[in-house]
Amino acid sequence: MKNQEESIKLIEKVTRSFYQKAINDVFIGYHFRKLTSNNGPISNIEDFNEHLKSINAFWQAQLLGIKLPKGAHHLLSAHEYLKIRKGELGRWVILFKQTLEENRSEDPKFINIWEHKIDTFKVGFEKYFFGG
């Protein structure tokens, strides 16, 4: 694995690339338009920059053990208002794993760990939102 600074840069690169795709995705993109930036809907990755900081901090905590900032939300309850459907969760997983695959050559071991985390979160989301 790379050093922590390089891993942080990879996390930022992957999350930015993933959310660029997700915001514009025909199946799950509408969820991002529920969020707002400067009193308007999020329609491109620049509108999503503030939220990306929280997402990057979350993945840094999960993958590198970096402490989450004070006041960080509980992942599952923070997404309740979206009323995510099972197929949308599946689409999120597919897009995220595609993005990880695109970046695998940068740090294969780290990407493998991240893929495992995605699978773990998928199971957690399914239990929380869909009862199993």
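The structure is a predicted model, in which local features need pLDDT of at least 70 and side-chain atom pairs count only at pLDDT 80 or more, while totals for chains, interfaces and linings use all residues. Residues are numbered from 1 along each chain as its sequence is written, and side-chain values use heavy atoms, with hydrogens and water left out.

The chain contains six helices and two strands, where helices (H or I, at least four residues) and strands (E, at least two) are DSSP runs numbered from the N terminus. Read from the N terminus on, the order of the elements is α-α-β-β-α-α-α-α. Of the 132 residues in the chain, 38% are buried, a term that means under 20% relative accessible area, with exposed meaning over 50% and partly exposed in between (1.4 Å probe, protein chains only). Among contacts between residues at least 6 apart in sequence, 71% join residues at least 24 apart, contact being defined as heavy atoms within 4.5 Å.

Two packed helices are described by the angle between their axes and the distance between the axes. Here the axes are lines fitted to C-alpha atoms, for helices over the stretch in contact, and the angles run from 0 to 180 degrees between N-to-C directions. The axes of helix 1 (residues 4-24) and helix 3 (residues 49-64) come within 9 Å and cross at roughly 130°, and the two helices are therefore oblique to each other. Under the rule applied, angles under 35 degrees count as roughly parallel, over 145 as roughly antiparallel, 65 to 115 as roughly perpendicular and the rest as oblique. The residues of helix 1 in this contact include Ile8, Ile11 and Tyr19, and those of helix 3 include Leu52, Ile55 and Trp59. By class, the contact of helix 1 with helix 3 has eight nonpolar, six polar and two charged residues; Ala, Val, Leu, Ile, Met, Phe, Trp, Tyr, Cys and Pro count as nonpolar, Asp, Glu, Lys and Arg as charged, and the others, Gly among them, as polar.

The axes of helix 5 (residues 86-102) and helix 6 (residues 108-130) come within 11 Å and cross at roughly 175°, which makes helix 5 roughly antiparallel to helix 6. Among the residues that meet are Leu89, Trp92 and Phe96 in helix 5, and Trp114, Ile118 and Phe125 in helix 6. This contact of helix 5 with helix 6 has ten nonpolar, no polar and seven charged residues.

Rings of Phe, Tyr and Trp (its six-membered ring) pair if their centres lie within 6.5 Å, and planes under 30 degrees apart count as stacked, over 60 as edge-to-face and the rest as tilted. By this rule there are 14 aromatic pairs. One of them joins Phe18 and Tyr19, which are edge-to-face at 4.5 Å centre to centre with 80° between the planes; Phe18 is buried at a relative accessible area of 0%, and Tyr19 is buried at 8%. Ring pairs link Phe18, Tyr19, Phe58, Trp59, Trp92, Phe96, Phe110, Trp114 and Phe121 into a cluster. Although Phe96 and Glu115 are 19 residues apart in sequence, their C-alpha atoms are 8.6 Å apart in space.
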